[in-house]
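Biologist: Could you walk me through the charged side-chain pairs in this one? I'd like to start with what you count as a pair.

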Amino acid sequence: MSWGTELWDQFDNLEKHTQWGIDILEKYIKFVKERTEIELNYAKQLRNLSKKYQPKKNSKEEEEYRYTACQAFLSTLNEMNDYAGQHEVISENMTSQITVELARYVQELKQERKSHFHDGRKAQQQIETCWKQLESSKRRFERDCREADRAQQYFEKMDADINVTKADVEKARQQAQIRHQMADDSKADYSSYLQKFNLEQHEYYHTHIPNIFQKIQEMEERRIVRIGESVKTYAELDRQVIPIIGKCLDGIVKAAESVDPKNDSQLVVEAYKSGFEPPGDIEFEDYTQPMKRTVSDNSLSNSRGDGKPELKFGGKSKGKLWPFIKKNKLMSLLTSPHQPPPPPPASASPSAVPNGPQSPKQQKEPLSHRFNEFMTSKPKIHCFRSLKRGLSLKLGATPEDFSNLPPEQRRKKLQQKVDELNKEIQKEMDQRDAITKMKDVYLKNPQMGDPASLDHKLAEVSQNIEKLRLEAQKFEAWLAEVEGRLPARGEQSRRQSGLYDTQSAPAVNNCAQDRESSPDGSYTEEQSQESEVKVLATDFDDEFDDEEPLPAIGTCKALYTFEGQNEGTISVVEGETLYVIEEDKGDGWTRIRRNEDEEGYVPTSYVEVYLDKNAKGAKTYI
């Protein structure tokens, strides 16, 4: 089968078909190019997705990836990153091995097709030229023959006419001969062109066109083969990355199989274990005796018969709130009163001023009501250590020794800090060794540098090492204290000064039993408002005295008399001048101080405030 013999008269159709074949090839190239763009976009989106869910460095998320389930998720993210890389490989290989190669081949194919059809058109033009010459010679031969016939007839007519002179007859005879000669010449030319045309036509249809069409056929078959090879390459490039993609998926499966719930549970224990002992049983307290409670040894209060100070929380007594802390000083550590402040009186007369937020005259509640309130109300009393920790956290100051944390968590933090310091020390020591070696090199080869120029740097590194060692020793001491290798810093002094007697120990233990976990991570220990505390008046007083009092930010003048009867409030008299230590935070209360030991909250509408930062005029809350 040959296009030259079978399709000898289909030159135009072959031209259209070959152009269609090139269009198909260009369409396939466009398809592969768009596929590579899709692969690149897919890989980019996968990388962005993996990066989006990667844990941020030096953040809490990075600590969470200690758990095996989170590590499996992290492995999945890493494998997806490699998975995206394989799609990038597909895109790169398809671009280099298919798109680029086919684009170059299309250009070559267009040039070859153009050359073949140019030769075909040239052969067509040549045969058309021969045909035109043949037609021209044929028409000329035909015309000369007609002219020769007319000249012959005219001669015969003249020769038969007796009236025509002999000269005219001779002239007609010569003209007829000339016409016959021209006809013979035209006949010879026509015969020559006819032979030439026939020869050219035979060559055209049996030699030139078959050769040209055969080349076009071979070109078209090469194009078809090239498309088939490209389609095969397209599949092979995908198949090449399948093993690597399979390894990525195997890595994800392996990470999933490495999930260990027991290990994660142990990590939770290590992360949140406080080190405290569970609270013991609460002993029965008999309230059947009228107006007198039998206090158990596990309570925060002792019986009144011990001759120790008796305290009640939430009552109207003006005595000390705790035996070891003055009332207003403890309240300054707490927040402002939880209830809204009372409105200012209608007049400035003391007789018209209500006695604080609650009426001073209240009927005495039955014992059953007080007992129900005791059983349902939220505890208010804070043990000193947790109270101090909560206050420091609220102020944003984290203790250097992590004393705000439970024992187990504190031990881990201290151990982590010690390890970090040891790494820093090792780093500085390596740097010192390097500087020392460099100095030795300079001493042996002075032309390389001045040894004295390294003395300052060497001294600086040595100082840094000494500082880091002192810091590490400090944290190691705290770590030893937590682990029990050394006595606690506060416990030994307490034992020597006799702050706790043997009978008050159950009360302190009971305070630890009732602690609750606060939102800021510290631990607060609380008891009921009706608990009666039996401890020495000097307990923890020294530690509270170490706290720096808040500085005064201005002064205020009492517009009305206020009876401070609730926790955290302070009584003022109309016209009295006091110090302002904390502005109104929007809750209607202002914190003031009378002297070093008396401070608390009063309604903002009861005072006229003069702040130091606004010395030009007074800022009045009315």
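Modeller: A salt bridge here is a side-chain nitrogen of Lys or Arg within 4 Å of a carboxyl oxygen of Asp or Glu. Please keep in mind that this is a predicted model.

Biologist: How many salt bridges turn up in the whole structure?

Modeller: The search of the whole structure finds 23 salt bridges.

Biologist: What does Lys474 pair with?

Modeller: The side chain of Lys474 meets that of Glu400 in a salt bridge, at 2.7 Å from N to O. Lys474 lies in helix 11 (residues 455-483), while Glu400 sits in the loop between helix 9 (384-394) and helix 10 (407-444), so the pair ties together parts that are 74 residues apart in sequence.

Biologist: And which salt bridge does Glu471 form?

Modeller: Glu471 also forms a salt bridge with Lys474, and there the closest N and O atoms are 3.5 Å apart. These two are three residues apart in helix 11, which means that about one helical turn separates them.

Biologist: Switching topic, what about Arg239 and Glu236?

Modeller: Their side chains meet in a salt bridge at 3.6 Å, N to O. Arg239 counts as exposed at 52% relative accessibility, because exposed means over 50%, whereas Glu236, at 30%, counts as partly exposed.

Biologist: Which residues are linked in a network?

Modeller: Glu582, Arg591, Arg593 and Glu599 are linked in a network of salt bridges.

Note on methods: Residues are numbered from 1 along each chain as its sequence is written. This is a predicted model: local features need pLDDT of at least 70, side-chain atom pairs count only at pLDDT 80 or more; totals for chains, interfaces and linings use all residues. Side-chain values use heavy atoms; hydrogens and water are left out. Buried means under 20% relative accessible area, exposed over 50%, partly exposed in between (1.4 Å probe, protein chains only). Helices (H or I, at least four residues) and strands (E, at least two) are DSSP runs, numbered from the N terminus.
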